[in-house]
Amino acid sequence: MLIAKSQSGKMMDLSLKKKSDIQALKKKKWYCPSCQEVVIIKNGNVMCSHFAHKQKSDCSSFSENESKEHLLGKKLIAENCKKFGIPYELEAFLPDLKQRPDILVANKYAIEFQCSPLSISRFKERTATYQDNGYQVIWILGEKLHLTSKLTKLQKNFVYLSKEIGFYLWELDVIKKQIRNNYFLVATSKKLLKKEKNWNLSHVNFLQILTFSNQKNEKQFYELETEIELFHQLGQWNHQLNQRMPKEMFLQQYFYSKRLNLRELPCELMLPSYKSVLFQEKELILRHAIYELLMSKKEVTKEQIYEKVFQIFKEEEMESYLLVGKRRLIKYHVSLYLCFLLQNGIVIKKENTFIFQMKKLNIRQIEKEILGIPLKYVMINK
């Protein structure tokens, strides 16, 4: 921990002290602000200077296993807040929640610097408690959880969504003193696509950094060659179905029930080739639900589309991503697919009604697909 209480009850924050000053503080008595047990100052050359329980403790608020990275990360954010005059409380205890975020910023943002894996159930418990009590929780990932070639099941839970930059997550590099936003996260059959924005915590206001997801930013785009991408996707499905992989078997079973074959889906469902990093294969089910409704009714409102899709995606049929929210996640992908249908003349819109045009797409006629942010699809014909 970086904070402790003196005998008089005054709080001491080591993150703002020099090593020489900390050495002098070691002679005084200090107490854990949570369990009230005696703590000592560790002021060595390996770890960041910190307090630790004098004896083995069952303290529920502070762990004795904090890594050097975790201590440094909290210290960096605290120093940034101090430098730029941002109200903050390091290791703040929130009694109504019985939780202690790493840093509480502007009495609004509960900052959690997560340096090691935790159970998804524990993540959801902590996140829901913050949200239910009006705090905006910002999960920032340490080195062990930094993004690589794909999102793990745990990492998906740390993903946020913004209409300006799409899906994104936060990371912190304590060595470089940089906070990073991995944004415009999009999946293809081959890899995870992403853009990066870095800030040095020594130079940029932390609150300004947090506004990045809601700002209109420089336009970015990805480009795919349609036939190559879809050929690769079908090859993957063939292999995974032969191996009887659960996700692909589920998808195949779903489309069999609709008298369709996963290996021979119509172009209007296979496109766009870009896929959601959270929905993944279930995005095809969402597309089919919308397309089937349009074909059967010919004219539908967005409200009718939402009703149909929500009916299909019952609670037990999809993962719950608390930082995005189920309804918001579904509405986002409905809007994205409707945008694709409109841009390719498959539907036209009159006021709040979408009118089906019976137009068919041909994959062989489409050379490239471009996806940009703010999110927009463009098809380039041969």
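Strand β16 and strand β17 (residues 353–356) pair in the antiparallel sense over four bridges; helices (H or I, at least four residues) and strands (E, at least two) are DSSP runs, numbered from the N terminus. Two strands count as paired if DSSP finds at least two bridges between them. The model is predicted, with pLDDT of at least 70 needed for local features and 80 or more for side-chain atom pairs, while totals for chains, interfaces and linings use all residues. Residues are numbered from 1 along each chain as its sequence is written, and side-chain values use heavy atoms, leaving out hydrogens and water.

Within β17, T353 is the bridge partner of K350. These strands belong to an open sheet of three strands, in the order β15-β17-β16 with antiparallel pairing. Its edge strands, β15 (299–301) and β16 (347–350), each pair on one side only. On average, neighbouring strands of this sheet are turned by 30 degrees against each other, direction ignored.

Helix α10 (residues 302–312) packs on the sheet and touches β15 and β17, contact meaning heavy atoms within 4.5 Å. The direction of α10 makes about 80 degrees with that of β15; axes are lines fitted to C-alpha atoms, for helices over the stretch in contact, and angles run from 0 to 180 degrees between N-to-C directions. Helix α11 (residues 326–343) lies across β16 and β17, at about 105 degrees to β16.

Elsewhere, helix α6 (residues 226–242) and helix α7 (residues 246–257) pack at an angle of about 100 degrees, with their axes 8 Å apart. In this contact, W237, Q240 and L241 of α6 meet E248, M249, L251 and Q252 of α7.
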